[in-house]
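Please describe the salt bridges, nonpolar cores and pockets of the following protein. A short report with headings is requested.

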Amino acid sequence: MPAARCAVCAVPLTSGEICGACLDRPPRFDRTEAAFSYRFPVDALIHAYKYGGRLALARPLGEALAQRVARDVDVIVPMPLARGRLAERGFNQALEIARVAAAGTGIRILPGACRKVADTLPQAALPWKERPKNVRRAFVCDADLEGKRVAVVDDVLTTGATLEACLATLDDAEARATGVTLAWAQ
């Protein structure tokens with residue numbers, strides 16, 4: 001990742017600490033962290049892990065992710081998958097890397113804290129402008145996270161729509177949320 005990034009959304013910056021988009025329309029989360037830029041060889045590893053079922057890659061990917069999780073976080077919550085997508089894929093890629101990150105940091109993981117209640121279209125299949133609408137109201141929080149510092153773990157941040165939708169749900173639950181992803185693909 002480039003050294004100069006927006007402190008909120010992680011977009012590369014040439015100057016300043018917060019990008020114009022975050023100043024203009026502040027998102028409902030504290031910050032976003034990413035371990036890598038989504039480019040070779042990281043993109044190939046994530047693709048093999050997520051779509052090729054190479055679950056052994058969860059360990060090195062999760063260990064890299066653990067280095068980006070702030071130590072002041074109370075709990076780690078993996079990005080939930082809808083039931084249909086989970087049945088199709090056979091595993092939740094965010095949950096598997098979150099388990100490794102939780103073990104590496106000693107931070108408690110709450111796999112069932114959030115649920116995806118809508119079977120949305122895959123974000124990767126949609127134009128960027130349609131992604132926020134696709135995941136709006138797709139998540140619910142089932143845990144009492146009021147006042148907790150929560151790191152939501154996901155694999156790839158592209159437009160940030162999915163992460164923002166999940167983190168907005170946590171904001172509604174009065175948690176302080178941070179997004180932590182393997183790779184940033186903007």
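Arginine 149 and aspartate 74 form a salt bridge, with their closest N and O atoms 2.8 Å apart; the term denotes a side-chain nitrogen of Lys or Arg within 4 Å of a carboxyl oxygen of Asp or Glu. Because arginine 149 belongs to strand β6 and aspartate 74 to the loop between α3 and β2, the pair ties together parts that are 75 residues apart in sequence. Helices (H or I, at least four residues) and strands (E, at least two) are DSSP runs, numbered from the N terminus. Arginine 149 is partly exposed, at 29% relative accessibility, and aspartate 74 is partly exposed with a relative accessible area of 29%. Here buried means under 20% relative accessible area, exposed over 50%, and partly exposed in between (1.4 Å probe, protein chains only).

The model is predicted: local features need pLDDT of at least 70, side-chain atom pairs count only at pLDDT 80 or more, and totals for chains, interfaces and linings use all residues. Residues are numbered from 1 along each chain as its sequence is written, and side-chain values use heavy atoms, with hydrogens and water left out.

## Other salt bridges

Eight salt bridges are found in the whole structure. In one of them, glutamate 33 pairs with arginine 68, the closest N and O atoms being 2.5 Å apart. Glutamate 33 lies in strand β1 (residues 31-37) and arginine 68 in the loop between α3 (58-66) and β2, so this pair ties together parts that are 35 residues apart in sequence. Glutamate 33 is buried, at 16% relative accessible area, whereas arginine 68 is partly exposed at 28%. A network of salt bridges links Arg5, Arg31, Glu33 and Arg68.

Within helix α3, glutamate 63 and arginine 59 are four residues apart, about one helical turn, and their side chains meet in a salt bridge (3.8 Å, N to O). Glutamate 63 is partly exposed at 42% relative accessibility; arginine 59, at 51%, is exposed.

## Nonpolar cores

A nonpolar core is a set of buried Ala, Val, Leu, Ile, Met, Phe, Trp, Tyr and Cys residues joined through side-chain atoms within 4.5 Å. The largest has 32 residues, and Leu145, Val150, Val152 and Leu170 have the most contacts inside it. Two or more residues come from each of β2 (75-78), β6, α7 and β7 (176-184), with α7 giving the most, six residues.

Beyond its neighbours within four places in sequence, leucine 170 is in contact (heavy atoms within 4.5 Å) with Cys114, Cys141, Leu145, Val150, Val152, Ala175 and Ala177. Another core, apart from this one, has 25 residues, among them Val42, Val69, Ile97 and Ala101.

## The largest pocket

The largest pocket holds about 940 Å³ of space. On a 1 Å grid over the protein atoms alone, a pocket is an open set of points where a 1.4 Å probe fits, with protein on both sides within 12 Å along at least five of seven lines; lining residues have an atom within 4 Å of a point. Grid points are joined across faces, edges and corners, and the volume is the space filled by probe spheres set on them.

Its lining has 28 residues, with Arg25, Pro132, Gly160, Ala161 and Glu164 nearest the centre. Two or more residues come from each of α1 (20-24), α6 (131-135) and α7 (161-172), and α7 gives the largest share, seven residues.
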